[in-house]
Amino acid sequence: MDNDYNNLSLVQLIYKWKWHIIVITLVAAVCGAIFSSARFITPLYKSEAIAYPANISPYSDESETEQMLQIINSQSIIDSIVEKYDLWTDYKIDRNYQYAKTYLMLEYHDKIKISKTPYEAVSIVVNDKDPQVACNIAKDILYFYDQKVAKLHRDKVSEVVAMYAQQLELKQQDIEHLKQQLADLGTNYGMANYVGQSREITRGYLNGSSKATELMRNLEQYGPEAIDLENKIIAEATTYVDVKLDYEQQLRFYNSNLTYSNIVTEPYPADKKSYPVRWVVVALSGLGALLLTILVLFIIENRKKFIPAEK
């Protein structure tokens with residue numbers, strides 16, 4: 001019963017002051033429309049790019065998408081965007097201010113949102129007063145991301161390339177050393193080709209040739225060493241070829257110009273502002289004024305209940 005009475009009192013209150021409430025609500029809505037205009041609030045235009053990571057390998061337990069998020073949010077990419085588009089001026093921040101960097105980062109992360117989509121892609125949303133600048137920033141974030149990943153990969157691969165190059169040089173030196181030893185045997189003892197020579201020397205030895213007899217003695221004494229050197233040269237040459245194949249593959253990666261993002265949604269200059277949403281401001285202004293007016297009128301009408309009577 002009391003609830004019905006209270007509801008009836010509220011309806012009566014609104015009916016009694018209806019014109020005041022209507023006028024105040026309309027005035028608040030009009031003020032909301034005026035103060036949400038471009039003269040008072042700088043309009044922002046949104047541009048969005050959506051991309052998937054490509055040609056990268058995740059570190060630790062993170063996914064490729066998480067790695068892409070980490071790199072895009074790195075300080076070097078932020079600094080590149082800030083300097084290229086002079087966001088200090090765009091955000092009206094004095095570089096000499098004590099906390100300028102802090103305010104710049106707050107403004108940057110407020111205007112530029114990097115997030116992961118439900119489908120494991122990366123969304124880059126940029127808001128700026130110039131729609132073309134917003135579009136260009138979204139594109140350049142992906143450009144600087146590609147450059148950053150390329151540098152990380154190149155630095156990593158360069159170490160592997162240098163390692164393989166050093167290994168090839170050492171292998172080449174070993175092969176040349178073994179060849180020189182085999183050549184010395186050939187020069188000093190006539191051991192140029194053990195397999196081919198052994199047949200001819202044996203044939204000459206059986207025919208009683210003195211030269212063949214001498215070579216036979218050399219063959220018996222230095223033949224095993226010659227065979228060992230030839231086998232080592234073959235083994236080292238095989239290893240050299242395997243290392244060279246790995247070296248050339250890493251060198252291709254080092255010299256390649258890969259991209260590390262697949263863009264599925266290209267950013268474009270918006271033709272309509274995204275902030276502020278004027279009808280929302282007008283609606284909230286009118287609704288807020290309506291509720292506040294009713295509350296104030298309710299207090300005025302029931303002030304005797306809230307203020308003790310004077311004795």
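Reader: Which strand is Asn127 found in?
Author: Asn127 is found in strand β3, which covers residues 122-128. Helices (H or I, at least four residues) and strands (E, at least two) are DSSP runs, numbered from the N terminus. This is a predicted model, in which local features need pLDDT of at least 70 and side-chain atom pairs count only at pLDDT 80 or more, while totals for chains, interfaces and linings use all residues. Residues are numbered from 1 along each chain as its sequence is written, and side-chain values use heavy atoms, with hydrogens and water left out.

Reader: OK, and is Asn127 buried or exposed?
Author: Asn127 has a relative accessible area of 14%, so it counts as buried (under 20% relative accessible area, with exposed over 50% and partly exposed in between, using a 1.4 Å probe and protein chains only).

Reader: What does Asn127 touch, then?
Author: If residues up to four places away in sequence are not counted, Asn127 touches Leu44, Tyr45, Lys46, Lys111 and Ser274, where contact means heavy atoms within 4.5 Å.

Reader: How many residues of β3 are buried?
Author: Seven of the seven are buried, so β3 is largely enclosed by the rest of the structure. Both of its faces are covered, with Val122, Ile124, Val126 and Asp128 buried on one side, and Ser123, Val125 and Asn127 buried on the other.

Reader: Which way does β1 run against β3, parallel or antiparallel?
Author: Strand β1, which takes in residues 45-53, pairs with β3 in the antiparallel sense over seven bridges. Two strands are said to pair if DSSP finds at least two bridges between them. Ile50, for instance, has Ser123 in β3 as its bridge partner.

Reader: And how many bridges join β2 to β3?
Author: Strand β2, made of residues 112-116, is paired with β3 in the antiparallel sense over five bridges. Here Ser115 stands opposite Ser123, the residue of β3 that is also the bridge partner of Ile50.

Reader: What do β2 and β3 form together?
Author: They form a hairpin with five residues between the two strands, and Glu120 in the turn has a positive phi of about 65°.

Reader: Switching to helices: which residues of α4 are buried?
Author: Helix α4 spans residues 75-84, and in it Ile77, Ile78, Ile81 and Val82 are buried. Seen down the axis of α4, these buried residues fall within an arc of 135°, so they line one face of the helix. The arc is taken from the directions from the helix axis to the C-beta atoms.

Reader: Why would residues a few places apart point the same way?
Author: An α-helix has 3.6 residues a turn, so residues three or four places apart point the same way.

Reader: What follows α4?
Author: Asp86 follows α4, and its phi is positive, near 45°.

Reader: One more, Ile24: where is that?
Author: Ile24 is found in helix α2, which runs over residues 18-35, and at 38% relative accessibility Ile24 counts as partly exposed.

Reader: Which residues does Ile24 touch?
Author: Leaving out residues up to four places away in sequence, Ile24 touches Ala289 and Thr293. Although Ile24 and Thr293 are 269 residues apart in sequence, they are 7.6 Å apart in space, taken from C-alpha to C-alpha.
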